[in-house]
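Subject: Handover of the structure

Dear colleague,

I am passing this structure on to you, and below it you will find a description of what came out when it was examined. Please have it open while you read.

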Amino acid sequence: MWSYIARKLLYNIPVYLGILLFLMLALRVNDPVHAFLGKNATDADILDVRAKLGLDQAFIYQYFDLLRDVLTLDFSVESWTNEGLRVSDMLKRSVIPSISITVPALVLTSIISISIALISAFFRGRPIDRTLMVMAVVGMSVSFLVYIIFGQYWGAYLLTREGSDLFAIGGFEPGLANWPYYCLLPVLISTFVATGYDTRFYRAVMVEESSRDYITTAKAKGANRRKVMFVHMLKNALIPIITRIMTTLPFLIMGSLLLEVYFNIPGMGRVLYKAIQEQDFPVVQIFVAVFAGIFIVSNILTDVLYALVDPRVRLS
Amino acid sequence: MTSTNSALGKFLSGRGMRKLRRDRMALVALAVIGVYLLLALSVGVGLLDKGDVFDRAGPDTVPGAWGVQDGEKRLTDAEFYIEQVQRAARASNAEDSLAELRFGGLRAAPGTPAEVQAQVDDAWLAFDAVAAYEELDEDPEVASLLTTLEQKVEGLYAAPTGFAGAIHSLRLSLGTDRQGRSILFRALYSTKVAVQIGIVSALISVLIGTLLGAAAGYFGGWVDHMVVWLYSTFSSIPWIVLLMVLASMFRGGPFDGTLIPVYAAFCMSFWISPCRVIRGEVMKLRELEYVQAASAIGFGRIRILLKHIIPNTAHLMFINFSLLFIGAIKAEVILSFLGLGVKNEPSWGVMINQAKAEVLNGFFWQIGAATFFMLVLVLAFNILSDALQDAFDPKHVGSQ
């Protein structure tokens, strides 16, 4: 087991180094200082900003600088657009809003889509299964953005106009008491959209599982259909289900960027989006580096957990 | 080349294809995709010009042909039409202005400026008669006044007849957006943009992914390590962040405002999934007897890879092309919303993004048109992808 973990860790080091390299190159295609200060900046200003961030040094020095910052978790660089605000503070501040949308959405989506998938797989090939799957495919063919626009219009805008203050049109306040007002509507929209995708996947997993030998055996031994479905099959289908849920975990930190942008929720996605819009180079660089780092760490965790559940994985 | 062709021929006449041809839904989906391709092609060769999508076709936010207009809106629309003629008639060179006045297919009715001005004044009288009422929707008397007003307004214009008339009513059949531009024509033009983005990015991504994946799977060793490292790197950045960083790379550069940043962002993030799948498939194919036979005959490794292995992954290339096409169309909407997508051109994403404000006023024609056009195409590709997977890859999780 330990050698497996060590192998995974070793394997991911060059990947992370590659991400940093790629990210830094991509952000330097256009001179970030030039883009931020605009055309009217004097040479002295440009040199000043450049020197402050170490952008005047050779690329290799900048690379190791960023690597050191990431390894020591030292993000004390200041944002360009919000003067005096350190990137580490921006990170800390935006985690809670992001998580308060994505975690409930993930839980709800998983529960709902696994239930629908079970129903669908149980009635496989019958009208109810077909209807559900057609609904899922049609739902998947509409843009996420359309769901957000109509969700906000019907859920918040129309209700507010009629005097009922059920959901906020946008914004965010911390605290559990404020959660339903600001976050429930985005969570519902996100759940609605994700359910279509997940249901199809989970149903496929269950249909696949239902053709295995142990199911035939259980049926041959006389177990009734419902018991085979919910006891034998669901237990085994849990492995791919858990994997899928775990692989979506790193994206939780990132948040639902679109929802955050549309509903003005100051989560990580929106902060990054604004930083890209305003050419706030230090924020973009560190945010992406941190996302990728979290992603890789949780990938390793997923693999390790998976290896714990299914010993066959360790050997490959 | 001949052997590649025959491999493709074999693929097209093989068991999978026969299975696909029996799938009625898949054939309908293919037909729908064919219609969209034709449409995109005809827009591409000049069915619509920039004027059709950028110039005013009528007043703002006019509902489509079967939409219900309330009295208030009919009144402001009439006002808009009268004002256009009045402005031309009062211009310093009124005769030329009147001759040049046209939006959509409408032009001003023939007549000297003085005659036109008299007609305009007449129309204003009818307008004032309606505007005197507060409630425009209940009273039958107001309804008849509104009809008179609209007849007078129609008299100000020479309505196109015949073919031009049909085009004109087509232009307004789905209404106009907030800048008075034809929604139908914009949606049609967007079809071209979407098909273009879909084909270019899906094709290039599949090609890159296939070449890298096949090389990695066949050669193994350090080639494999490099390719796996490359796609692990790209796939460890959340997809939407990767798209944003890549698309913003081109800002201010010479390609800003073209579709090239969009293509680049899509290709660089989409090649990963075909690469992964084809690498796995090639690793399996490499061990098969026919490949060993080919190498026993003495064929070179490159030749075996290009002529014997890659053609046998054709089904995966098709499936991935279909999936990436959907991905590109949907991602375009998101990128355009974030301000990093299509610029200087209408696209479904641009339309949906503009429709945000209209939705708040209860006007759904633009968002509806863009969503419908997109829904049909994406749905067709979804059905096709499922059918392709069923036909060629029966073990794939997701098929029946």
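In what follows, helices and strands are DSSP runs, a helix having at least four residues and a strand at least two, and they are numbered from the N terminus. Please keep in mind throughout that this is a predicted model.

With a relative accessible area of 27%, A:Q279 is partly exposed.

Where contacts in chain A join residues at least 6 apart in sequence, 70% of them are between residues at least 24 apart.

Chain B, for its part, has 19 helices and three strands. Of its 400 residues, 52% count as buried, and its C-alpha atoms fill a box of roughly 95 × 50 × 40 Å, taken along the principal axes. The radius of gyration of chain B is 28 Å, whereas a compact globule of 400 residues would have one near 21 Å. Among the contacts in chain B between residues at least 6 apart in sequence, 75% join residues at least 24 apart.

In the pair formed by helix α3 (residues 24-44) and helix α19 (residues 365-392) of chain B, the axes come within 8 Å and cross at roughly 135°. That angle makes α3(B) oblique to α19(B), and the crossing is left-handed. On the α3(B) side the contact includes B:M25, B:L30 and B:Y36, and these residues, with others of that helix, meet a set in α19(B) that includes B:F372, B:F373, B:L377 and B:A387. By class, the residues of this contact divide into 16 nonpolar, no polar and no charged.

Helix α5 (residues 71-90) and helix α7 (residues 113-131) of chain B pack with their axes 10 Å apart and at an angle of about 155°. Because angles over 145 degrees are counted in that way, α5(B) and α7(B) are roughly antiparallel to each other, and their crossing is left-handed. Among the residues that make the contact are B:E79, B:E83 and B:R90 of α5(B), together with B:P113, B:W124 and B:F127 of α7(B). The residues of this contact comprise 12 nonpolar, two polar and three charged.

How do helix α10 (residues 183-219) and helix α13 (residues 260-270) of chain B cross, and at what angle? Their axes come within 9 Å and cross at roughly 40°, and α10(B) and α13(B) are therefore oblique to each other, in a crossing that is right-handed. The residues of α10(B) that take part include B:Q196, B:I197 and B:S205, while those of α13(B) include B:V262, B:Y263 and B:F270. This contact has eight nonpolar, three polar and no charged residues.

One residue that touches both chains

A further position to look at is B:V228, which has its place in helix α11 (residues 221-235) of chain B. Is B:V228 buried or exposed? With a relative accessibility of 12%, B:V228 counts as buried. Leaving aside residues up to four places away in sequence, B:V228 touches A:Y11 and B:R279. The C-alpha atom of B:V228 is separated by 9.6 Å from that of B:I272, which lies 44 residues away along the chain.

With kind regards

Definitions and conventions
Residues numbered from 1 in each chain as written. Chains lettered and ligands numbered in written order. Predicted model: local features only at pLDDT ≥ 70, side-chain atom pairs only at ≥ 80, totals over all residues. Heavy atoms only, no water. Axes fitted to C-alpha atoms, helices over the stretch in contact; angles between N-to-C directions. Parallel < 35°, antiparallel > 145°, perpendicular 65-115°, else oblique. Left-handed = near helix turned anticlockwise from the far one by under 90°. Contact = heavy atoms within 4.5 Å. Nonpolar A, V, L, I, M, F, W, Y, C, P; charged D, E, K, R; others polar. Rg over C-alpha atoms; globule rule 2.2 N^0.38 Å. Buried < 20%, exposed > 50% of the residue type's maximum accessible area, 1.4 Å probe, protein only.
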